[in-house]
Each structure stands twice: as C-alpha cells, then as structure tokens.
Amino acid sequence: VQLQAFGGGLVQAGGSLRLSCKVSGRTLSDAAVAWFRQAPEKEREIVAAIRWIGGRTLYPGSAKGRFTISRDNAKNTVWLQMDSLQPEDTAVYYCAAGGYMRISSAEYDAWGQGTLVTVSS
C-alpha cells in the first residue's frame, strides 16, 4: 500500500488546516490509518487513528477535542481536520497504515512522505 500526505503549510495560531492522505495500492479492508507527527528533536507521536471499516477513532494525546480524523472509503482518502492550532503543533505530519489501531508507530508498516505544518504565534 502507498500513502501520500498533502495539505501542510503555514498558519497563524488559532487557525485551521486540513491534511489529506491518499491511499493506493491495495484494499485496506480491516486496516487502520493513523496520523503521526514529529517535531524537531522530538519523538514521533500519534495524533489520531481511524479504522477503515466501521470508522472507530482514536485520539490519544493533546489533539483530542481540536483535531478530527475522518475517511472516505470510496475515495481511499483519510483527512485530519486541525482546528485551534498552536505553535506546539508545528511538526512534520505523516499518515500511516497498519493492521491494528495502536498508538505505537511500530504497528504501522506503510508510511506516507510527510507534510510540514508550521504554526506561527
């Protein structure tokens, strides 16, 4: 499976961005797709995840309440709507696919190229 992430950019604090992840190569069936982010000199952390079938979601960190993950199975696309962005949200955002909806990046075996989100204060 291949993933391509789009939609990063520069936004002021308090603003919004929507990231897109286009999935291709094979049917995801019972997979999970997640968004991770990695800020300079920090470890990669999960932002949100969604089951391809059923749409159950996971928001394990500070994004809960501000970010929303969604998917369109027919379009093979997963989105991450990010609202009330803060400078600490500045990072490279990656989408990834794996067989289980877990918080560890090790559970995801297909990764997109990353898209940079910069939030200015």
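1. Strands E7 and E8 form a hairpin with 4 residues between them, and in its turn Asn76 has a positive phi of about 50 degrees. The strands named in this note, like helices, are DSSP runs numbered from the N terminus (helices: H or I, at least four residues; strands: E, at least two). E7 and E8, the latter covering residues 77-82, pair in the antiparallel sense over 6 bridges. Two strands count as paired if DSSP finds at least two bridges between them. Across this pairing, the bridge partner of Arg71 is Val78 in E8.

2. A word on the basis of the note. This is a predicted model, in which local features need pLDDT of at least 70 and side-chain atom pairs count only at pLDDT 80 or more, while totals for chains, interfaces and linings use all residues. Residues are numbered from 1 along each chain as its sequence is written, and side-chain values use heavy atoms, with hydrogens and water left out.

3. Most residues other than glycine have a negative phi. Asn76 sits in the loop between E7 and E8 and is partly exposed, with a relative accessible area of 31%. For these terms, buried means under 20% relative accessible area, exposed means over 50%, and partly exposed lies in between (1.4 Å probe, protein chains only).

4. Ser84 is another residue other than glycine with a positive phi, near 50 degrees. Ser84 is found in the loop between E8 and E9. With 37% relative accessibility, Ser84 counts as partly exposed.

5. Next, the sheet that holds E7 and E8. An open sheet is formed by 4 strands in the order E1-E3-E8-E7, with antiparallel pairing. Strand E1 (2-6) and strand E7 (67-72) are at the edges with a single partner strand each, so one side of each has no neighbour in the sheet. On average, neighbouring strands of this sheet are turned by 15 degrees against each other, direction ignored. The axes behind such angles are lines fitted to C-alpha atoms, for helices over the stretch in contact, and angles run from 0 to 180 degrees between N-to-C directions.

6. Phe6 stands opposite Ser20 in E3.

7. Which cysteines form a disulfide? Cys21 and Cys95 do, with their sulfur atoms 2.2 Å apart; a disulfide is a pair of cysteine sulfur atoms within 2.5 Å. By this rule the count is 1 disulfide. The link of Cys21 and Cys95 is right-handed, with 75 degrees about the S-S bond. Cys21 belongs to strand E3 and Cys95 to strand E9 (residues 91-98), so the pair ties together parts 74 residues apart in sequence. Both Cys21 and Cys95 are buried.

8. Strand E5 takes part in two hairpins, treated here in turn. Strand E4 (residues 32-38) pairs with E5 in the antiparallel sense over 6 bridges, and Arg37 has Glu45 in E5 as its bridge partner. The E4-E5 hairpin has 6 residues between its strands, and Glu41 in the turn has a positive phi of about 65 degrees.

9. E5 also pairs with strand E6 (residues 57-58), in the antiparallel sense over 2 bridges. Ile50 stands opposite Thr57 in E6. This hairpin has 5 residues between its strands, and Gly54 in the turn has a positive phi of about 100 degrees. Of the 7 residues of E5 (residues 45-51), 6 are buried, so E5 is largely enclosed by the rest of the structure.
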